[in-house]
Amino acid sequence: MAEPDSVEPDPVHPDRMRAFRALPERDGRVLRVVYVPVPGGARVVTMFLDRGRRRKA
């Protein structure tokens, strides 16, 4: 979350954000972290390897 490759709003829950980062140790698969921004940080809702997203070559 500290250095994502990209961030976008969650289309279903407008109060949540999605952060993405490619993981070289996972053959370029992309970790998706869904979070709610709160004062002084963030509350993580979920995180998982996103099957539908790949690192751009």
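## Overall Architecture

Helices and strands are DSSP runs, the former of at least four residues and the latter of at least two, numbered from the N terminus. On that basis, the protein chain of this predicted model follows the pattern β-β-β-β when read along the sequence. The secondary structure comes to four strands and zero helices.

Strand S1 covers residues 6-9, and strand S2 covers residues 17-23. Strand S3 covers residues 29-38, and strand S4 covers residues 41-54.

## Confidence in the Model

The mean pLDDT of the protein chain is 90, and 93% of its residues reach 70 or more. Among the elements of the chain, S3 has the highest mean pLDDT, at 96, whereas S4 has the lowest, at 89.

## Dimensions, Burial and Surface

Taken along the principal axes, the C-alpha atoms of the protein chain fill a box of roughly 35 × 25 × 15 Å. The chain has 57 residues, of which 25% count as buried. Of the contacts with a separation of 6 or more, 20% are accounted for by residues 24 or more positions apart.

The protein chain exposes about 4400 Å², and carbon and sulfur atoms supply 51% of this area. As regards charge, the chain has 12 positive and 8 negative side chains. The centres of these two sets lie 4 Å apart.

Arg 18 lies in strand S2. Its relative accessibility is 14%, and buried means under 20%, so Arg 18 counts as buried.

Leaving aside neighbours within four places in sequence, Arg 18 is in contact with Ser 6, Val 7, Glu 8, Asp 10 and Pro 11, and also with Arg 32, Val 33 and Val 34. Two of the residues in this list, Glu 8 and Asp 10, are also salt-bridge partners of Arg 18.

## The Salt Bridges

The structure holds three salt bridges. One of them joins Glu 8 and Arg 18, with the closest N and O atoms 3.7 Å apart. Glu 8 lies in strand S1 and Arg 18 in strand S2, so this pair ties together parts that are ten residues apart in sequence. Glu 8 is partly exposed, with a relative accessible area of 26%, whereas Arg 18 is buried.

Arg 18 also forms a salt bridge with Asp 10, in which the closest N and O atoms are 3.5 Å apart. Asp 10 is buried, with a relative accessible area of 8%. A further salt bridge brings together the side chains of Arg 32 and Asp 50, at 2.7 Å from N to O. Arg 32 lies in strand S3 and Asp 50 in strand S4, so the pair ties together parts that are 18 residues apart in sequence. Both Arg 32 and Asp 50 are buried. Through salt bridges that share partners, Glu 8, Asp 10 and Arg 18 are joined into one network.

## Summary

The predicted model shows a chain of four strands and zero helices, with a mean pLDDT of 90. Its three salt bridges include the pair of Arg 32 and Asp 50, while Glu 8, Asp 10 and Arg 18 form one network.

How values were computed
Residues numbered from 1 in each chain as written. Predicted model: local features only at pLDDT ≥ 70, side-chain atom pairs only at ≥ 80, totals over all residues. Heavy atoms only, no water. Buried < 20%, exposed > 50% of the residue type's maximum accessible area, 1.4 Å probe, protein only. Contact = heavy atoms within 4.5 Å. Areas by Shrake-Rupley, 256 points an atom, 1.4 Å probe, with all protein chains shown as cover. Lys, Arg positive; Asp, Glu negative; His and termini not counted. Charge placed at Lys NZ, Arg CZ, Asp CG, Glu CD. Salt bridge = Lys/Arg side-chain N within 4 Å of Asp/Glu carboxyl O. pLDDT = per-residue confidence, 0-100.
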